[in-house]
Amino acid sequence: ARVGDIISLMKKQKDFSSQDSPDLIDLSWALQCLIQRRQISFESEKRFFLSLDKVEHIFSLKVKTGKDLVRYEVGDPVKFGKKQGVSFGRIVRIHIAADKTRKSMLDIQLMEQNSDHELMDGGKTIVTIDESALRGHIVLLSRRDFESVRRGYLQNLEVESSIFMLKKAKGK
């Protein structure tokens with residue numbers, strides 16, 4: 001499919017001839033239409049349809065770290081914190097900044113660290129941080145995958161790493 005085909009699909013879905021500003025469609029909608037090889041409804045997922053009237057939450061964010069921009073999405077496992085220490089968690093919501101001078105805020109579901117390379121998922125504690133507290137992504141692996149990585153990659157590393165074994169909380 002071509003970009004023109006996607007635009008034609010959008011015009012069929014929404015009449016843009018009105019004087020009101022058009023609603024925004026997330027690029028992920030167009031990508032999913034291409035992947036599934038059919039037109040999917042804007043309302044099939046709430047992340048596809050963005051209204052200019054009341055945008056409160058977004059699903060991805062780019063944060064400048066050094067010279068690079070790093071993309072964070074809802075659901076990403078991350079490390080965060082200030083100089084005192086680093087914590088680990090999963091992004092559950094991104095609150096859009098009211099203006100360009102303020103930083104966006106993120107709700108993070110905390111993960112409990114059981115050992116140097118073991119994190120427990122499924123905690124109920126949620127903390128809110130600003131985007132400047134993000135320190136990077138982490139990799140969560142199953143026990144079997146972690147053991148194969150540990151034999152090769154991790155045995156030569158110090159304790160600090162971004163690769164962890166994921167343990168599910170009991171009852172999850």
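Three bridges join β6 to strand β11 (residues 134–137), and the two run antiparallel. Strands here are DSSP runs of E with at least two residues, helices are runs of H or I with at least four residues, and both are numbered from the N terminus. Two strands count as paired if DSSP finds at least two bridges between them. In this pairing, valine 78 has histidine 137 of β11 as its bridge partner.

A quick word on what you're looking at: this is a predicted model, where local features need pLDDT of at least 70, side-chain atom pairs count only at pLDDT 80 or more, and totals for chains, interfaces and linings use all residues. Residues are numbered from 1 along each chain as its sequence is written, and side-chain values use heavy atoms, with hydrogens and water left out.

Now turn to the other partner of β6. Four bridges join it to β7, and these strands also run antiparallel. On this side valine 78 has glycine 89 as its bridge partner. Look along β6 and you'll see Pro77 and Lys79 pointing one way while Val78 and Phe80 point the other, and all of them are buried. Buried means under 20% relative accessible area, exposed means over 50%, and partly exposed is in between (1.4 Å probe, protein chains only).

The hairpin of β6 and β7 has six residues between the strands, and glycine 81 there takes a positive phi near 145 degrees. Lysine 82 sits in the loop between β6 and β7, and it counts as partly exposed because its relative accessibility is 44%. Where does lysine 82 make contact, leaving aside neighbours within four places in sequence? Its partners are Ser132, Ala133 and Arg135, with contact meaning heavy atoms within 4.5 Å. Lysine 82 and serine 132 are 50 residues apart in sequence, yet their C-alpha atoms are 8.9 Å apart in space.

Back to the inside. The largest nonpolar core has 13 residues, and Val78, Ile91, Leu106, Ile108, Ile129 and Leu134 touch the most other members. At least two residues of this core come from each of β4 (60–65), β6 (77–80), β7 (87–95) and β8 (105–115). A nonpolar core, by the way, is a set of buried Ala, Val, Leu, Ile, Met, Phe, Trp, Tyr and Cys residues joined through side-chain atoms within 4.5 Å.

Isoleucine 91 is in strand β7 and counts as buried because its relative accessible area is 1%. Beyond its neighbours within four places in sequence, isoleucine 91 contacts a list of residues including Tyr72, Val74, Val78, Leu106 and Ile108. Isoleucine 91 and serine 60 are 31 residues apart in sequence and 9.9 Å apart in space, C-alpha to C-alpha. Isoleucine 108, with its neighbours within four places likewise set aside, has contacts that include Val78, Phe80, Ile91, Val92, Thr125 and Ile129.

What about charges? Side chains of opposite charge can pair when their charged atoms come close. A salt bridge is a side-chain nitrogen of Lys or Arg within 4 Å of a carboxyl oxygen of Asp or Glu, and the count by this rule is three. In one of them, aspartate 121 meets arginine 90 (2.9 Å, N to O). That pair links distant parts of the chain, with aspartate 121 in strand β9 (residues 118–121) and arginine 90 in strand β7, 31 residues apart. Aspartate 121 counts as buried because its relative accessibility is 11%.

Another salt bridge joins lysine 167 to glutamate 118, with the closest N and O atoms 3.6 Å apart. Lysine 167 lies in strand β13 (residues 163–168) and glutamate 118 in strand β9, so this pair ties together parts that are 49 residues apart in sequence. Lysine 167 is partly exposed at 29% relative accessibility, whereas glutamate 118 is buried at 14%. Glutamate 73 and arginine 71 form a salt bridge too, their closest N and O atoms being 2.8 Å apart.

Finally, step back to the whole chain, whose secondary structure comes to three helices and 13 strands. Of its 172 residues, 30% count as buried.
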